[in-house]
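Morning, everyone. I have one structure to show, and I will keep it brisk.

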Amino acid sequence: MGEKDSETAPIWGKAHQRESNIHPMDLESSAPLSGQHRSQNQSRSSYEERGRGVKEFRSWFSWLVPCFVVANVVVFVITMYVNNCPKKSGDCFADFLGRFSFQSTRENPLLGPSSLTLQKMGGLDVGKVVKGDEGWRLLSCNWLHGGVVHLLVNMLTLLFIGIRMEREFGFIRIGLLYLISGFGGSILSALFLRSNISVGASGAVFGLLGGMLSEIFINWTIYSNKVVTIITLVLIVAVNLGLGVLPGVDNFAHIGGFGTGFLLGFVLLIRPHYGWINQRNAPGAKPHKYKIYQGILWTVSLLLLLAWFIAGLISLFNNVDGNKHCSWCHYLSCIPTSKWSCNREPASCTTPELGNQLTITCLRNGKSGSYILANSSDSRINTLCAQLCR
């Protein structure tokens with residue numbers, strides 16, 4: 001896309017002020033100048049000096065990130081249309097929305113569809129990925145959300161971070177960073193969360209945060225307040241990962257997305273160092289475009305990224321359970337307390353039926369309930385089972 005005719009600073013900090021290069025003057029220019037001519041020449045020189053760095057820090061028009069947001073919203077609306085709570089469940093929240101009403105808050109406190117609908121629409125179900133050859137779910141799950149609350153949090157974060165990054169680096173690099181990070185988050189989630197359906201753009205959004213952090217390291221020389229910037233970013237990531245240990249949150253997708261984005265940032269967001277930008281139009285020899293440390297970071301990150309994807313996909317499609325190789329890793333996604341349980345086993349119930357009375361008993365906790373159902377559909381029974389097993 002087109003670029004604006006103005007120079008912008010790097011995304012998370014102020015750039016160094018550019019030093020003026022001194023060029024020999026010809027004989028005509030060495031004569032005394034009037035105040036007006038001197039002012040015009042100084043303005044022209046200043047404009048040319050600023051123009052040298054425009055293409056290094058150009059400002060792109062952001063359109064891809066808003067398109068991502070619109071796509072996520074549209075998919076959520078379609079998901080709610082397919083969910084059709086009044087017909088398939090009957091126990092709904094916000095009935096005035098008709099077909100678009102939400103599942104009961106006991107089943108889905110995020111104000112959204114049922115887990116069965118999310119599975120049908122492409123949620124990350126490890127069993128279907130491994131045994132059903134449905135690897136596309138590793139991508140489709142990033143466009144689904146568990147509810148309005150889930151969607152709102154992710155989209156506001158995406159707009160705040162993504163638009164600024166796209167303006168700095170363009171839609172191609174940020175688009176790749178977003179999509180590949182989401183895929184990396186799905187792989188780690190599938191390796192450790194074996195029984196639950198996982199959805200959400202959180203892995204991709206965390207990938208943008210990871211890319212922002214690695215971009216500072218690989219473009220170290222162009223920042224003047226990098227220490228403060230790094231501390232701020234680390235605190236933001238730490239707080240969000242800390243919230244991920246609450247039950248019902250897929251923190252493995254967050255960690256996988258962040259790690260993938262961090263490595264990918266070294267590869268996609270590399271910029272020429274400050275010395276090259278400042279001296280590239282100066283006469284005589286000029287420094288190399290990239291410093292040695294930038295080349296090393298780029299190479300190591302690319303190799304680690306390829307190794308992670310190859311090892312992760314091979315392990316996943318060989319049905320490897322990451323929890324069996326890391327006994328403590330489950331604490332990264334949920335820490336049990338007296339207030340909640342981290343049991344993620346799927347809801348399973350017995351459903352003996354006598355006449356028009358149905359008794360449902362959760363096998364996990366022993367809770368049971370009796371219901372008189374005119375139409376005991378599988379969807380309605382699964383909803384009641386999920387409520388009892390919560």
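How far does helix α11 reach from its first C-alpha to its last? The answer is 25 Å, close to the 26 Å expected at 1.5 Å a residue. The helix has 18 residues and covers 251–268. Keep in mind that this is a predicted model.

Stay with α11. Now look at the N-terminal end. D250 caps α11 there. One of its side-chain oxygens sits 3.3 Å from the backbone nitrogen of F252.

Next, the annotation. The unreviewed UniProt entry marks residues 60–81, 143–163, 175–193, 199–220, 227–246, 252–270 and 296–317 as "transmembrane region". I checked two of these stretches against the model. Residues 60–81 are 82% helix and 0% strand. Their end C-alpha atoms are 36 Å apart. Residues 175–193 come out at 95% helix, again with 0% strand. There the end C-alpha atoms are 27 Å apart.

Now the strands. β5 covers residues 357–362, and its side chains alternate. L358, I360 and C362 point to one face and are buried. Which strand does β5 join? It is β6, residues 368–372, through 5 bridges. The two run antiparallel. Opposite L358 stands Y371 in β6.

On to the cysteines. How many disulfides does the structure hold? There are 2.

Take C85 and C92. Their sulfur atoms are 2.1 Å apart, and they form a disulfide. The angle about the S-S bond is -105 degrees, and the link is left-handed. Is C85 buried or exposed? C85 counts as buried because its relative accessibility is 0%, and the cut-off for buried is under 20%. C92 has a relative accessible area of 14%, so C92 is buried too.

The other disulfide joins C326 and C329, with sulfur atoms 1.9 Å apart. Here the angle is 80 degrees, and the link is right-handed. C326 is buried at 12% relative accessible area. C329 is buried at 8%.

Two further cysteines, quickly. C67 has a relative accessible area of 40%, so it is partly exposed. C141 is at 3%, so it is buried.

That's my tour. Over to you for questions.

Notes:
Residues numbered from 1 in each chain as written. Predicted model: local features only at pLDDT ≥ 70, side-chain atom pairs only at ≥ 80, totals over all residues. Heavy atoms only, no water. UniProt positions renumbered as here; feature names shortened; annotations may be inferred. Helix = DSSP H or I, 4+ residues; strand = E, 2+ residues; numbered from the N terminus. Expected span 1.5 Å × (residues − 1). Polar contact = N/O pair within 3.5 Å; in protein donor to acceptor, adjacent residues only side chain to side chain. Buried < 20%, exposed > 50% of the residue type's maximum accessible area, 1.4 Å probe, protein only. Pairing = 2+ DSSP bridges. Disulfide = S-S within 2.5 Å.
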